[in-house]
Amino acid sequence: MSGPTTGRPAPGEAPDSRHAPWRRSPRQVPAPPAGFVGRHRELAALDDALSSPPDGQRPRLVVVTGPLGVGRTSLVRRWVADRGHRFPDGQLYVDLASLRSGGPGTPVSDALGECLLVLGVGLDYIPASLSGRVGLFRSVTAGTAVLVVLDEATEPAQAGYFMPGSRTSALLVTSQDHLTELTLDGARHLAVDPMDHDEGVALLRALCGPGRLEQEPQAVDRLVQLGQGLPLDLRIIAARLAKDPGLSASELADSLPLP
């Protein structure tokens with residue numbers, strides 16, 4: 001005679017993703033940074049790539065690339081804040097850069113374990129092996145609409161570990177590298193370039209507040225040039241101005257080294 005049905009699998013077995021006890025809808029992607037401006041072309045490209053019908057039975061796969069400081073992650077966070085509701089079963093965020101600088105363990109295996117936990121899988125049911133965690137992650141996400149953001153990937157193979165098990169889900173990868181091999185897996189690629197001059201000026205003004213830079217348009221132009229259109233560098237410039245209200249834009253521009 002069989003025992004009572006608990007809705008949970010035996011240890012080592014994959015949970016049935018249709019059972020409510022194993023279903024949660026995490027919202028892990030951080031909010032976009034303050035003062036986000038522009039990037040209309042890139043946001044529209046993400047919208048198109050993640051809104052188009054899936055190709056066959058595979059989840060949609062988008063790779064966002066660009067140099068350090070260009071704002072890949074900020075762009076993704078902005079899109080998820082505006083459009084993440086299209087993935088009602090959850091939005092997972094995996095920061096591989098922070099995991100690589102952490103303690104013992106492997107970043108991919110540890111991250112998959114965390115994903116399973118937030119999706120509602122009990123700790124006792126999470127396999128020890130990487131292959132077991134990959135299989136269980138695909139089982140748990142089968143039949144769902146989940147978005148996985150894999151931030152700062154360094155090699156194509158990392159994307160495969162976090163591919164959800166449903167064609168209605170999506171994997172959004174950011175990387176400094178092109179990860180060209182993922183094209184064979186149906187990936188769509190979006191290259192993020194430095195901001196143009198007008199966007200750079202708009203970012204500085206948004207961060208420094210109204211009136212802070214209005215009297216020094218030429219100095220603001222110089223600051224944008226010194227920042228080379230990189231949002232990270234422009235944010236550092238804005239932070240220095242915010243820290244010292246008596247510092248003028250021209251004084252700061254004079255003190256900064258040429259790129």
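Arg39 is buried in this predicted model, with a relative accessible area of 3%; buried denotes under 20% relative accessible area, exposed over 50%, and partly exposed the range in between, computed with a 1.4 Å probe on protein chains only. The residue lies in the segment before helix 1 (40-51), where helices (H or I, at least four residues) and strands (E, at least two) are DSSP runs numbered from the N terminus. Although Arg39 is not a glycine, its phi is positive, at about 65°. Most residues other than glycine have a negative phi. Residues are numbered from 1 along each chain as its sequence is written, and side-chain values use heavy atoms, with hydrogens and water left out. Because the model is predicted, local features need pLDDT of at least 70 and side-chain atom pairs count only at pLDDT 80 or more, whereas totals for chains, interfaces and linings use all residues.

A positive phi of about 65° is also found at Glu152, likewise not a glycine. Glu152 occupies the loop between strand 3 (147-151) and helix 6 (157-161) and counts as buried at 16% relative accessibility. Its side chain is joined to that of Arg72 by a polar contact of 2.5 Å. A polar contact is a pair of N or O atoms within 3.5 Å; within protein, one must be able to donate a hydrogen and the other to accept it, and residues adjacent in sequence count only if both atoms are side-chain atoms.

Arg39 is in turn touched by Asp193, which also touches Arg41 and Val70, not counting residues up to four places away in sequence; contact means heavy atoms within 4.5 Å. Asp193 is placed in the loop between strand 5 (188-191) and helix 7 (197-208) and is partly exposed, at 44% relative accessibility. Its C-alpha atom is separated by 7.9 Å from that of Pro67, although the two residues are 126 residues apart along the chain.

Arg72 and Val70 are among the residues nearest the centre of the largest pocket, together with Gly69, Gly71 and Ser74; 18 residues line this pocket. The space in the largest pocket is about 330 Å³. On a 1 Å grid over the protein atoms alone, a pocket is an open set of points where a 1.4 Å probe fits, with protein on both sides within 12 Å along at least five of seven lines, and lining residues have an atom within 4 Å of a point. Helix 2 (72-83) and helix 9 (231-243) each supply at least two lining residues, and helix 2 gives the largest share, four residues. The lining comprises 10 nonpolar, four polar and four charged residues; Ala, Val, Leu, Ile, Met, Phe, Trp, Tyr, Cys and Pro count as nonpolar, Asp, Glu, Lys and Arg as charged, and the others, Gly among them, as polar.

The second largest pocket holds about 160 Å³ of space. Its lining includes Ala49, Arg58, Pro59, Leu61, Asp185 and Arg188, and divides into five nonpolar, two polar and five charged residues.

The largest nonpolar core has 30 residues, and those with the most contacts inside it are Phe137, Leu150, Phe162, Leu171 and Val173. Such a core is a set of buried Ala, Val, Leu, Ile, Met, Phe, Trp, Tyr and Cys residues joined through side-chain atoms within 4.5 Å. The elements that each supply at least two residues of this 30-residue core include strand 1 (60-65), helix 5 (130-141) and strand 4 (170-175). Helix 4 provides the largest share of this core, five residues. Leaving aside neighbours within four places in sequence, Val173 is in contact with Leu61, Val62, Val63, Val64, Leu150, Ala153, Ala159 and Leu179.

Met163, in the loop between helix 6 and strand 4, is buried, with a relative accessible area of 10%.

The protein chain contains 10 helices and five strands, and 47% of its 259 residues count as buried. Of the contacts between residues at least 6 apart in sequence, 70% join residues at least 24 apart.

Methods:
Points joined across faces, edges and corners; volume = space filled by probe spheres on them.
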